[in-house]
Amino acid sequence: MLENGCAFTAAFGAGNNKQNENAELGVYRNNWYMLRTYCDHFKGAGPGEWFTRGQEAHNDVGVATKCQRQLFDTLGPDQFFSLQRGGLGNPGAGAEYGQYVRKYTDFAQAHMSDGMATYWNVVSM
């Protein structure tokens with residue numbers, strides 16, 4: 001999630017006022033549970049290592065991007081957004097968000113090959 005404007009940096013403190021499994025790290029704000037469970041770079045790390053090992057995702061856009069791709073490919077859009085948006089405490093919260101992202105992605109992909117996709121087509125759905 002790039003909610004911090006145009007800068008491609010993590011423009012918030014490590015954890016984003018959250019700790020342990022729900023700490024948000026890196027430019028994509030993935031929580032520590034997702035990173036340590038589904039990203040090869042962090043597998044084997046414990047829940048309490050979010051502030052030490054998690055800094056790698058927070059400070060290195062390359063690590064964050066590699067993990068982002070791996071998380072999305074492994075989980076698929078519904079489970080990915082469910083965990084990212086809702087965390088462990090409310091895992092179903094992001095499911096609807098994932099459905100909308102998939103809808104717009106499917107639309108854009110369907111129309112990219114025929115030259116009909118425009119910014120307005122995608123945002124006005």
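I take a salt bridge to be a side-chain nitrogen of Lys or Arg within 4 Å of a carboxyl oxygen of Asp or Glu. With that cut-off I looked up Glu24 and found a salt bridge to Lys18, the closest N and O atoms being 2.8 Å apart.

**Ground rules**

I am working on a predicted model, where local features need pLDDT of at least 70, side-chain atom pairs count only at pLDDT 80 or more, and totals for chains, interfaces and linings use all residues. I number residues from 1 along each chain as its sequence is written, and side-chain values use heavy atoms, with hydrogens and water left out.

**Confidence**

I checked pLDDT, the predictor's confidence in each residue, from 0 to 100. The protein averages 76. I note that 66% of the residues score at least 70. I take helices (H or I, at least four residues) and strands (E, at least two) as DSSP runs, numbered from the N terminus. Which element has the lowest mean pLDDT? Among the elements of the protein that is helix 5 (residues 119-123), with 48. Helix 1 has the highest, 92. Where pLDDT is low, the predicted coordinates should not be read in detail.

**Salt bridges**

I searched the whole structure and got four salt bridges. Side chains of opposite charge can pair when their charged atoms come close. For burial I use relative accessible area: buried is under 20%, exposed over 50%, partly exposed in between (1.4 Å probe, protein chains only).

I went back to the pair of Glu24 and Lys18. Glu24 counts as buried because its relative accessibility is 12%. Lys18 is at 36%, so I log Lys18 as partly exposed.

Next I looked up Arg36. Arg36 forms a salt bridge with Glu21, and their closest N and O atoms are 2.7 Å apart. This pair links distant parts of the chain: Arg36 sits in helix 1, Glu21 in the segment before strand 1 (24-25), 15 residues apart. I find both Arg36 and Glu21 buried.

Then I took Arg53 and Glu56. Their side chains meet in a salt bridge of 3.3 Å, N to O. Arg53 has a relative accessible area of 24%, so Arg53 is partly exposed. Glu56 is partly exposed because its value is 31%.

**Disulfide**

I call two cysteine sulfur atoms within 2.5 Å a disulfide. How many does the whole structure hold? My search finds one. The disulfide joins Cys39 to Cys67, with S to S at 2.1 Å. The pair connects distant parts of the chain: Cys39 is in the loop between helix 1 (32-38) and helix 2 (55-59), Cys67 in helix 3 (residues 61-86), 28 residues apart. Why is the disulfide of Cys39 and Cys67 left-handed? I read the torsion about the S-S bond as about -60 degrees, so that is its hand. Cys39 is buried because its relative accessibility is 0%. Cys67 also has a relative accessible area of 0%, so Cys67 is buried.

**Asn30**

I found Asn30 in strand 2 (residues 30-31).

The Asn30 side chain makes one with the side chain of Gln68, at 2.7 Å. Another, of 2.9 Å, joins the side chains of Asn30 and Gln84.

For contact I use heavy atoms within 4.5 Å. Leaving out residues up to four places away in sequence, Asn30 touches Ala23, Glu24, Leu25, Leu35, Gln68, Leu71, Phe80 and Gln84. I also checked Leu83: Asn30 and Leu83 are 53 residues apart in sequence and 8.7 Å apart in space, C-alpha to C-alpha.

**Aromatic rings**

I pair rings of Phe, Tyr and Trp (its six-membered ring) if their centres lie within 6.5 Å; planes under 30 degrees apart are stacked, over 60 edge-to-face, the rest tilted. I count six aromatic pairs in the structure. Trp32 and Phe42 have ring centres 5.3 Å apart and planes at 70 degrees, so I class the pair as edge-to-face. Trp32 lies in helix 1 and Phe42 in the loop between helix 1 and helix 2, so the pair ties together parts ten residues apart in sequence. Both Trp32 and Phe42 are buried.

I then took Phe72 and Phe81. Their ring centres are 6.0 Å apart with planes at 75 degrees, so this pair is edge-to-face. Phe72 is partly exposed because its relative accessibility is 30%. Phe81 has 8%, so Phe81 is buried. I close on the cluster: ring pairs link Phe72, Phe80 and Phe81.

Methods:
A polar contact is a pair of N or O atoms within 3.5 Å; within protein, one must be able to donate a hydrogen and the other to accept it, and residues adjacent in sequence count only if both atoms are side-chain atoms.
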